[in-house]
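Hi everyone, thanks for coming. Let's have a look at this one together.

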Amino acid sequence: MRMNGKKLTALLGTAVLAMGILAGCGSGAGETSAAGTAAPATTAETSAEASDASGETKDTEAAKAENAPSADLSGTISMVGSTSMEKFANALSESFMEKHPGVTVTAEFVGSGAGVEAVSNGTADIGNSSRNLKDEEKADGVAENIVAIDGIAVVVDAANTVEDLTKQQLSDIYEGKITNWKDAGGNDAPIVVVGRESGSGTRSAFEELLELQDVCKYSNELDSTGAVMAKVASTPGAIGYVSLDVLDDTVKAVKLEGAEPTEENIKAGSYFLSRPFVMATKGEISEQNDLVKALFAYIYSEEGTEIVKSVGLIAVDK
């Protein structure tokens, strides 16, 4: 009986040990199963993060592609014409060539008439003209493509009582025919005629528009727009001309023929001291080669508009 009891005790111990082992295995399997259930969620999160990163990469690549130089165009574009358009033409050429490294834009500044003649006879792709085309030029098949408008403001010192000048009065002042403000509707005070130096594009435009080339009687000829502004602001009785984009309250801009020097009035044609900048072509833009068409597309784009504004010109609606 004792041996049977010992055997029974041994059997019970073995059974308990076996149950413990089984319980331990069951617990491990449960933990493994739980870990296996969590794994898909981690994978899903990783996939989402990868998708987001991929989207950001694509956006970055798209932005880089948009701003990257284009290699699809190659060749040369020739421009000839207006000296007043030099600043704009150079800025445009540099920017366009940077965007299209395979393209070379050449520019010669020999005058509007010579530019229109060059495009008319086929020796240039584009003729730059700082005036409207003449009827006979258009009759020769030359197209007038206005790319910007040049506006000039006439300024006097802030204390000057004159508010408005006619075109004739302005011409007479700069030609030396009117030398006292009382003869132009103002107080009895001498007029101090201020202008830019010879060779200035602003001076050239001002004198051309008033047909006063080489006849103006200047008291002061200054070498920058800022110098003109400072001189007029500090000199009683002074009058000068500057680009529209530099106007501030240190001087007073006078009306011309009743029109204020604003972009709106210039576009409407009511302010006479303005002129178009024309890039003429032989035939319409749509008839030009791919290079010239691409250049005009660039001029009328947002980037082109910024170039126009950066050199003090007024952009045109296209």
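Asn-180 is buried, at 14% relative accessible area, where buried means under 20%, exposed over 50% and partly exposed in between, with a 1.4 Å probe and protein chains only. This is a predicted model, so local features need pLDDT of at least 70 and side-chain atom pairs count only at pLDDT 80 or more, while totals for chains, interfaces and linings use all residues. Residues are numbered from 1 along each chain as its sequence is written, and side-chain values use heavy atoms, leaving out hydrogens and water.

You'll find Asn-180 in the loop between α5 (167-175) and β7 (192-196); helices (H or I, at least four residues) and strands (E, at least two) are DSSP runs, numbered from the N terminus. Leaving aside neighbours within four places in sequence, Asn-180 is in contact (heavy atoms within 4.5 Å) with Asn-187, Asp-188, Ala-189, Pro-190 and Ile-191.

Now, which residues have the most contacts inside the largest nonpolar core? They are Leu-165, Leu-170, Tyr-174, Ile-239 and Leu-273, in a core of 42 residues. By nonpolar core I mean a set of buried Ala, Val, Leu, Ile, Met, Phe, Trp, Tyr and Cys residues joined through side-chain atoms within 4.5 Å. At least two residues each come from β5 (146-157), α5, β7, α6 (201-209), α7 (225-234) and β9 (238-243), and β5 gives the most, with six. Apart from this core lies another, of 27 residues, including Phe-277 and Val-308.
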